[in-house]
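Work through the exercises below with the sequence and the structure at hand. Try each task before you read its solution.

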Amino acid sequence: MTTQPARPAPSGAFEFLTTKKDEFVGWARKFSLFPYPFVTACCAMEFMSVSSTLYDTDRFGAALPRFTPRQSDLLMVVGTVTHKQAPILKKVYEQMCEPKWVIAFGVCATSGGFYQNYAALPGIDKIIPVDLYIPGCPPRPEMVIDGIMKLQDRIARDRHPIINEKF
Amino acid sequence: MSSPPHTTLPNPIRPAFDQGSVEGSVIVNIGPSHPATHGTIQIVAELSGERVLRTDVHCGYLHRGFEKECESHTWHNLIPYVDRLNYCSALINDFAYCEAVEKLMGIEITARCRYLRTLLAEYSRIADHLTCVAAALMELGAMTAFLYLVTIRDYIYEHLADLTGARVTYTYGRIGGLARDLPDGWLERLGEILDEMDTFTGRVHGLVDRNRIFIDRMRDVGVISSADAVNWGFTGPLLRSTGAPRDLRKDTPYLAYAELDFEVPVGIKGDNYDRYYVRMREIDESAHMIRQLVDMLPAGPICVDDRRCSFPDKQLVYTEIESLINHFKLVMDGPQVPPGEVYSAHEGANGELGFYLVSVGGGVPWKVHCRSPSFVHMGGAHRMLDGYQLADIVPTFGSINMIGGECDR
Amino acid sequence: MSDAVFEQVRERLAGVAGEATVAHGTLALEVEAARLVAVVRTLKDELGFDMFLDVTAVDWPDREPRFDVVWHFYSTRHFVRIRLKARVTLADPTVDTLVPFYGSARYMERECHEMYGIVFRGNDDLRPLLLYEGFEGHPLRKDYPKQKEQPLVPYRDAKP
């Protein structure tokens, strides 16, 4: 996802309308995230906790998982990704449609964690671009919610120019 | 914009078959990124209509190099790796490993440590069974039961975080003892959690036990006989569900189990329903054991007073040169374990969790091998999947409780 | 009670197995690789060791023969464990398979093969199990460097 820098204050009716459109699109997108929980290891326990009653990601609209990449827009890579799993992750990422975001949940997905050996991929950003890193082994559910909120802020700030180099 | 997609990605596995064996059969691939296979198992299944003719189960997608990693850390420093084997009941792994090293070193833990390890092992077992049953029921569609059980599990996690500092992977066991003693009020909160858990498991029983849909989906599905189970190396709730009352806590008692009064629940048919029920009964038995242990817990030190493995008191480290050097050596070189080998097994939540350690003297192990029950169960999983329906793969797999960290190590 | 079982095992296998020691509650028997099947058949059919727990190997790079292949068995009737050890060389790391006796041997022999290179004669399914197709080498051998990765997907330029 390319992020345009924040635009200056609207100076005309057209820019006012496009800013409002961007805010509306950002609001709709950030509160209707469909995560694809690419769950592998121990962080799954905290993912289950954060999706359940006590910490509830449903409040943020991000609870309903879609278990097919075709219907989801948030790829949450939860747990260690090994070299054997790497082609699977890449294929799932490529099957998702734009707009899509990637969360590296846990320190193993961020950097390989403390598994620095022949088997573990040293961070998923070696094969796919990542939007948000949530460190922790495993991270507390509050950290996950904090991370999702930061991602939501970034999604809300995205600009969607109507007239750009494609037109 | 993302890079253009690759047209070919390498296939990490070689399936056992790529041709159907009968006319009109179809070969499908389930997993490895699949909610019901717990994200790390791939099942290549040959289907004739909805019936599964044969399956080829592939694990290894979470192989993180545990054994190789352990060979380059000291005996103490590898305890976090051991934790992350069966991450649903991490304390059991800690204590099984620590006991294996203590056998090699000839250390006997203190009485308080023994009872406390037993109590925490049972507490961890409850957390594991809650997770397994919750996930299995959610995969059948019983979302309410999942939310009930995960709520209790969350209370357990917060409670253990009060004691150990972490919610899921604790690194609480130490060679010769434990990291720290119980904080004030911990045992009272334990009683409250167990009472609430009884209420919630009672509700789950009410929702599911005599539910026509549940019985139809779980009874006589995934059946395995006792003889088959023993031949394929099954232990733990899988073996007990077939009717064989084998439990290491009763057969070869360790820690404080010989002094506790508990039953070993067994099933009648070895099907999914029995596995679910054995786990629910084991949760009750574990709660019963914990209540007995709370009354039996003696006062005293947590760590054995042996300078080969226990850190000296901080006051002494700051004032005496011997304690300083002792502390330094323990941290930098690790506890010196005499040469030898040992195989020590505990009853993990899934079955026999064994550690085979080889030491050549020194602070770093020569070999740390984990005999994990989930790996062996994956070897025999096809016996419970073949011949049933495609939709039966989900509940059968959920009832096996394959934990990726333990299976692939 | 376990001592009685160990005595019985020792007597029964006196001619076939080698040195026997009891340590930490387990009886450890040295066997020659060629006698393995005979010993295991006796253990399973006559002495009641009906559960096969584990097979793994230990790499001693400075010793010839280099590998120790280690099997663990458990008896669900007598509640005791037994360890068998056989030495094999790097040039011919072959032992017989236990798949005809125990179903659980299938997966465990696959893992031992891919990690150490031990060949199990008679087991025709020695595909990689924990590792992946295209992985070269046997990582648990002492001469395989721990951090030598063999990525399946080429790394991209990770921009911050």
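**Exercises on chains A and C**

In chain A, 79% of the contacts with a separation of 6 or more are between residues 24 or more positions apart. The model is a predicted one.

**Exercise 1.** Describe the make-up of chain A: which elements does it have, and in what order do they run?

*Solution.* Start with the count. Chain A has five helices and four strands. Next, follow the chain from the N terminus. The elements run α-β-α-β-α-β-α-β-α. Finally, look at burial. Of the 167 residues in chain A, 47% are buried.

**Exercise 2.** Decide why strand β1 of chain A counts as largely enclosed.

*Solution.* Step one: take residues 35-39. A residue is buried if 20 or more other C-beta atoms lie within 10 Å of its own. Five of the five residues of β1(A) are buried, so the strand is largely enclosed by the rest of the structure. Step two: check each face. P35(A), P37(A) and V39(A) are buried on one side, Y36(A) and F38(A) on the other. Step three: find the partner. β1(A) pairs with β2(A), residues 74-78, in the parallel sense over five bridges. P37(A) stands opposite M76(A) there. Step four: trace the link. From β1(A) the chain passes through helix α2(A), residues 43-51, to β2(A), and this β-α-β crossover is left-handed.

**Exercise 3.** Work out which strands stand at the edges of the five-stranded sheet in chain C.

*Solution.* Write down the order: β1-β2-β5-β4-β3, an open sheet with mixed pairing. Now read the ends. β1(C) and β3(C) each have a single partner strand, so one side of each lacks a neighbour in the sheet. The twist averages 20° from one strand to the next. Inside the order, β2(C) and β5(C) run parallel, joined by five bridges. L27(C) stands opposite I82(C) in β5(C).

How values were computed
Residues are numbered from 1 along each chain as its sequence is written. Chains are lettered from A and ligands numbered from 1 in the order in which they are written. This is a predicted model: local features need pLDDT of at least 70, side-chain atom pairs count only at pLDDT 80 or more; totals for chains, interfaces and linings use all residues. A residue is buried if 20 or more other C-beta atoms lie within 10 Å of its own, exposed if 12 or fewer, and partly exposed in between; C-beta atoms are placed from the backbone. Helices (H or I, at least four residues) and strands (E, at least two) are DSSP runs, numbered from the N terminus. Two strands pair if DSSP finds at least two bridges between them. A crossover is right-handed if, with the strands pointing away from the viewer, the path from the first strand over the helix to the second runs clockwise. Two residues are in contact if their C-beta atoms, placed from the backbone, lie within 7 Å. Axes are lines fitted to C-alpha atoms, for helices over the stretch in contact, and angles run from 0 to 180 degrees between N-to-C directions.
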